[in-house]
Amino acid sequence: MISKKYYQAISILIIVATVYYSFYSLMPSEKGNSNLKVTEFSTDNALRHLKEISKKPHFTGSPEHKVVINYIVEQLEKLGLQVEIQEQLAINKKWRAAANTKNIIAKIKGTEKGKALLLLSHYDSNPHSSLGASDAGSGVVVILEGLRAFLAQNKQPKNDIIICITDAEELGLLGANAFVNHHSWAKDIGVVLNFEARGSGGPSYILLETNGGNKKLIEALDDAKATHPVGNSLMYSIYKMLPNDTDLTVFREDGNIDGYNFAFIDDHFDYHTVQDSYERLDLNTLNHQASYLTAALDYFSNNNIENLKTQEDYVYFNFPYFGLIFYPFSCVIPMFIFTVILFLVFLFIGILKNKLTIKGILKGFIPLTGSLLFASLFTYYGWKLLLKIHPQYEDILHGFTYNGYYYIAAFVSLTLAICFWLYKGFFKKISVQDLTVAPLFVWLLMNAGIAYYLQGAGFFILPVLILLVMFGILIFSEKQGKTMLFFTLLSIPILIIFSPLVKMFPVGLGLKMLIISSVFAVLLFGFLIPVFQQYKKPKNLANLFLLIGIMALIFATVFSGYSIDRRQPNSILYVLDTNKDEAYWASYNSKVDEFTKQFLGEHPTKGSYDKNTTASKYKTGIQLFTKAAVKNLEKPTITVVLDTIIGNDRKIILSILSNRNANKVEIITKTPIQFKSFKVNNESLKKKAKATYVFEITKGTVMSYYRTDKNEIINLEFVVDRSQKLDIDILEAKYDLFTNSQFKITPRSEIMMPMPFVLNDATVIKTNITF
């Protein structure tokens, strides 16, 4: 007979292999391009396009922006498509942004009259230094190469295929706004496939955009037979609640058009930086995006997409080889009730059969709740401590550091060490079945909340079902010693489904969410109690995970610095206040470094030069400033064209001309304003039905206008109440700090880069206007 220690070794190997496979199976592996058919997607072709597109930053209004437009147009024309450049002023009220956009649009005619399929991505990079290879050059090249392979089949599709490569997505989804609200083709669209990125690697997740339910969208995607669909309805439900937007959001909100986002988020530290380069894009990720495109393009171009709308939602999740597994939201509550009844029945029988004891059950809650409490507190305060030890992490504004994967491994490993230590160090004499009650109860309690408040997480009932099977065997079987391997095999589906979630949240939302990883680790440990409690010498495992955790922390510390592959973000602005005739150097960094020291000196003033400063994505404020010499910057011409009272209203027309061809003009208010109407260059913001005001603002940015033409004049026309107090700052910014001859600057070292998400490397002219 095989001894128990060998069973334990096999069990551990199965668990480790399963966790590894849960990540490995998410993406297609990189394949060579030899012996490809002309009708197959070629990664090499896509990469050739990407190399051209991402040579330089190409944000809206930049010189390289026009180069990228011309390249994409040329490639589409080589495919035999007639290309249109839609030039349109667009305004986004939510993001309070406006710009003249240039969308690249083409169409492949179908054989039947019906709704069209839209292929969507954006070609602009984020201002001002991002190379935009992943975000969203990857989406552009997947569409270009996917179309080439599709057209090589020489088959005309049944449905029209519209291609829209939008402009100014990074400025506030402005290209999508221009297309949906101003182009005649928008009304013909039945479904959208949008390709996006928030990092430079990892699996591409499916995020649905729908004003109703997801039932038909999920069924259609399942019919499309994508080889590696990755997504779940928890992500769908959370995404609907969060303020995250993509171009597709505009199609849903303004056009009532549903669709799919395909987006990857790993290596989040590259997002919107100069490191978002051709070389750093994961080829497996590119192939994953391509797998969605090729499957969905074939399916949606030849099947009825007249009406994919429904009010019914599905619970869904991905599983290797099976693709998407789904069932209706309406099953969530019945499944929960069924598991509660089964749990109570097993509990009653277990007590009657003396397999369970009240004392043992109550004691079994101590290690589980203790693990949840200690692990959560340790992770939460541990990360706080690390931010004190490594204050440079605060300068990585999206919250995921270069060594972030080591921190995930460290805190998950230390969490598991805590679990083994508590369970086997103090409660090893409690029976397996008594200890199983606590995790079952906690999983059921969590599912109670899910059933009534977050049904998208309805698949969290699966661990309960498997655990009930194990619990039932423990209650009814007389030979519990032979269940270790069987229980290990039963756990495989749950580990495959849930293990990736341990990593996903801190990667996507920042390391401040490490506590979610620890909680998931404890819950999965609790699920595996029927297995782990049969292990001999579990303290060895506690020590092993402790060692792994410590080693991961050591590696994280070793790689906590900066290098040419992990660049240090920093920022600097020169601000000229024309009203005060004063100038400042200002930075969003919390400390000076060798680059910013040349502007700020050794001991700059902490805080901001003014309470009313330019906005940033993560609401980051100026951290340091010092007074600077006043330079002769050519000021904008600001003219009050009209200021008149009409009844109870006050109408104002303001004209702003940049005499130095600035990139951005931002209007900031110091006082609350309620706008009854608002126009930018005769483009009006829409007022919601029965709303008194177009929009209201307490303070901050009223509108950011991104200039794209040298002679562009900004005309603002708005109506407010006649008694409205107005105190407005106009900030005109130009990314010319390194090219302006009035400044002598030592460039950043090779291990530094401009900080993303904030105004940077710019000269700013600030002018205050009171009416």
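How many salt bridges does the count come to?

Author: The count comes to 26 salt bridges, where a salt bridge is a side-chain nitrogen of Lys or Arg within 4 Å of a carboxyl oxygen of Asp or Glu. This is a predicted model, in which local features need pLDDT of at least 70 and side-chain atom pairs count only at pLDDT 80 or more, while totals for chains, interfaces and linings use all residues. Residues are numbered from 1 along each chain as its sequence is written, and side-chain values use heavy atoms, with hydrogens and water left out.

Side chains of opposite charge can pair when their charged atoms come close. One of the pairs here is Glu-209 with Arg-252, at 2.5 Å from N to O. This pair links distant parts of the chain, with Glu-209 in strand S6 (residues 201-209) and Arg-252 in helix H8 (residues 247-255), 43 residues apart. Helices (H or I, at least four residues) and strands (E, at least two) are DSSP runs, numbered from the N terminus. Glu-209 has a relative accessibility of 2% and so counts as buried; Arg-252, at 19%, is buried as well. Here buried means under 20% relative accessible area, exposed means over 50%, and partly exposed lies in between (1.4 Å probe, protein chains only).

A second example is the salt bridge between Lys-215 and Glu-219, at 3.2 Å from N to O. These two residues are separated by about one helical turn, because they are four residues apart in helix H6 (residues 215-224). Lys-215 counts as buried at 19% relative accessibility, whereas Glu-219, at 26%, counts as partly exposed.

Asp-270 and Arg-280 also meet through their side chains, at 2.9 Å from N to O. Asp-270 is buried, with a relative accessibility of 2%, and Arg-280 is partly exposed, with a relative accessible area of 26%.

Some salt bridges share partners: Asp-610, Lys-670, Asp-729 and Lys-766 are joined into one network in this way.
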